[in-house]
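Subject: Handing over a structure, with notes on what it shows

Dear colleague,

I am passing on the structure we spoke of, and the notes below it set out what was found. Please read them with the structure open beside you.

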Amino acid sequence: MDNVLYQTHIGTWAILALAVIVSLFYRSFYLKIFFRILAVLMLTSGIGLAISLSFPLVFVMKLIIAVLCIGLVEMLLKREKPIKSYVLLGSTFISFLLLCLIGFGVIRF
Ligand code: HEM
């Protein structure tokens with residue numbers, strides 16, 4: 001079970017990032033739905049993995065940042081010109097970077 005969760009989690013993060021980048025330039029209803037499915041998969045597999053590690057504090061932080069990041073992307077995709085919303089774009093990028101750094105164990109406590 002852990003292996004399934006792990007493979008799902010690591011198999012989706014790059015596709016998720018790619019789906020967001022494409023959505024910034026190309027407006028599509030199906031792409032948005034695809035992003036949401038991937039985001040739910042990412043969250044649930046991440047929570048499953050964190051539970052199997054008895055949910056250390058760093059993953060509680062990661063969960064909060066992940067929900068924030070998904071919210072930021074949703075706000076971004078509602079904008080008329082998402083690529084010109086520099087503050088939103090910047091915060092989304094920083095939160096995504098933090099998620100990856102925590103995921104790869106660069107940030108740990
Ligand atoms: C959009 C949100 C997320 C992104 C982009 C993300 C990204 C990543 C990345 C890049 C990795 C490393 C994969 C590898 O080793 O190749 C990872 C691992 C992991 N993530 Fe996430 N993650 C997200 C959400 C979450 C959430 C919500 C949780 C749980 C609260 C979580 C828990 C974990 C755990 C437990 C690992 C495995 C760490 C280990 O094996 O040491 N992730 N994540």
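This is a predicted model: local features need pLDDT of at least 70, side-chain atom pairs count only at pLDDT 80 or more; totals for chains, interfaces and linings use all residues.

Which residues of α2 are buried? In α2, the buried residues are Leu31, Phe35, Leu38, Ala39, Met42, Ser45, Gly46, Gly48, Leu49 and Ala50. Among the elements that cover these buried residues are α1, which runs over residues 2-25, and α3, which runs over residues 57-78.

The length of α2 can be checked against its residue count: the helix takes in the 24 residues 29-52, which at 1.5 Å a residue should span 34 Å, and the C-alpha atoms at its ends are 35 Å apart, so the two values agree. At the start of the helix, a side-chain oxygen of Ser28 comes to within 3.3 Å of the backbone nitrogen of Tyr30.

After α2 comes Ser54, with a positive phi near 55 degrees, and this residue, which is not a glycine, belongs to the loop between α2 and α3. Ser54 counts as exposed because its relative accessibility is 63%, and the cut-off for that class is over 50%. Phe55 is found in the loop between α2 and α3 as well, and there too phi is positive, at about 40 degrees, although the residue is not a glycine. With a relative accessible area of 27%, Phe55 is partly exposed.

His9 counts as buried because its relative accessibility is 13%, where buried means under 20%. Lys62, with a relative accessible area of 15%, is buried too.

A polar side-chain atom of Tyr6 lies 3.1 Å from an oxygen atom of the ligand. For His9, a polar side-chain atom is placed 2.8 Å from a nitrogen atom of the ligand, while for Lys62 the corresponding distance to a nitrogen atom of the ligand is 2.5 Å. If neighbours within four places in sequence are left aside, His9 is in contact with Met42, Ser45, Gly46, Leu49 and Lys62; Met42, Ser45, Gly46 and Leu49 are also among the buried residues of α2.

One last note concerns another helix. Gly103 is placed in helix α4, which covers residues 86-103, and it is partly exposed, with a relative accessible area of 45%. The C-alpha atom of Gly103 is separated by 20 Å from that of Gly90, which is 13 residues away along the chain.

How values were computed
Residues are numbered from 1 along each chain as its sequence is written. Side-chain values use heavy atoms; hydrogens and water are left out. Helices (H or I, at least four residues) and strands (E, at least two) are DSSP runs, numbered from the N terminus. The expected span of a helix is 1.5 Å times one less than its number of residues. Buried means under 20% relative accessible area, exposed over 50%, partly exposed in between (1.4 Å probe, protein chains only). Contact means heavy atoms within 4.5 Å. A polar contact is a pair of N or O atoms within 3.5 Å; within protein, one must be able to donate a hydrogen and the other to accept it, and residues adjacent in sequence count only if both atoms are side-chain atoms.
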